[in-house]
Amino acid sequence: MNKAGTQRIETDRLILRRFRSEDAVLADWVPRYEDGGYFNWAMEYKNTGKVIGNISVVRLIESIDAAEMGYCMSRAYWGQGLMPEALKAVMDYLFDTVGLNRIAACHDANNPKSGRVMEKAGMKLEGILRAAGKNNLGICDDVWHAMLRSDRKK
């Protein structure tokens with residue numbers, strides 16, 4: 001694994017970049033970029049320059065070159081295809097630059113739109129872990145999607 005860290009990525013409509021202190025983020029995020037194994041991008045909307053969300057590796061499993069992703073975005077930007085655009089770009093970076101073999105993500109079974117984001121980015125449904133997650137409503141089922149480096153060649 002190449003500890004390339006969080007590098008700037010540009011898509012058609014987004015700039016994915018490191019958070020800065022002026023983004024009003026938690027004080028402990030910015031210093032963590034010094035360790036090349038920390039991957040957390042601010043999603044800046046090109047049209048406005050405004051940070052509209054984030055996408056990050058929430059769990060890095062170096063022993064198997066794998067990562068679990070997490071993301072969130074302001075509701076005002078939902079339904080425009082921005083999150084799949086960001087997820088696909090970050091996955092390309094993690095496969096090509098960092099050298100990961102597996103990238104996975106899960107969503108609450110009651111939030112199928114998040115699963116749709118994963119599918120649009122090329123992830124495949126792997127399964128449902130019953131009562132394996134917790135959200136603000138309580139215990140929930142986790143639906144897992146993933147992509148392997150080898151899936152990209154198909």
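Rings of Phe, Tyr and Trp, the last represented by its six-membered ring, are taken to pair if their centres lie within 6.5 Å. By this criterion, a search of the whole structure, which is a predicted model, finds five aromatic pairs. In one of these, the ring centres of F39 and W41 lie 6.2 Å apart with the ring planes at 25 degrees, so the pair is classed as stacked. Both F39 and W41 are buried.

W41 also takes part in a pair with Y93. The centres of these two rings are separated by 5.7 Å and their planes meet at 85 degrees; the arrangement is therefore edge-to-face. Because W41 belongs to strand β3 (residues 40-45) and Y93 to helix α1, this pair ties together parts that are 52 residues apart in sequence. The cut-off for a buried residue is a relative accessible area under 20%. W41, with a value of 0%, is therefore buried, and Y93, at 9% relative accessibility, likewise counts as buried. Together, F39, W41 and Y93 form one aromatic cluster.

The largest pocket holds about 490 Å³ of space. Its lining comprises 17 residues, and those nearest the centre of the pocket are W78, G79, K113, S114 and V117. Two or more lining residues are supplied by each of strand β5 (66-73), helix α1 (82-98) and helix α2 (112-120). The greatest contribution is that of α2, which gives five residues to the lining of the largest pocket. In terms of residue class, this lining consists of eight nonpolar, five polar and four charged residues.

For the second largest pocket, the volume is about 360 Å³. A total of 21 residues line this second pocket, with C106, H107, D108, S114 and D142 lying nearest its centre. The elements that provide two or more residues to the lining are β5, β6 (102-108), α2, β7 (124-135) and β8 (138-148). Strand β6 accounts for the largest share, with five residues. The lining of the second largest pocket divides into 10 nonpolar, seven polar and four charged residues.

The two linings can be related through the elements and residues named above. S114 is listed among the residues nearest the centre of the largest pocket and also among those nearest the centre of the second largest pocket.

Terms used. Residues numbered from 1 in each chain as written. Predicted model: local features only at pLDDT ≥ 70, side-chain atom pairs only at ≥ 80, totals over all residues. Heavy atoms only, no water. 1 Å grid on protein atoms, 1.4 Å probe; cavity = no way out; pocket = protein on both sides within 12 Å on 5 of 7 lines; lining within 4 Å. Points joined across faces, edges and corners; volume = space filled by probe spheres on them. Helix = DSSP H or I, 4+ residues; strand = E, 2+ residues; numbered from the N terminus. Nonpolar A, V, L, I, M, F, W, Y, C, P; charged D, E, K, R; others polar. Phe/Tyr/Trp six-rings, centres within 6.5 Å; stacked < 30°, edge-to-face > 60°. Buried < 20%, exposed > 50% of the residue type's maximum accessible area, 1.4 Å probe, protein only.
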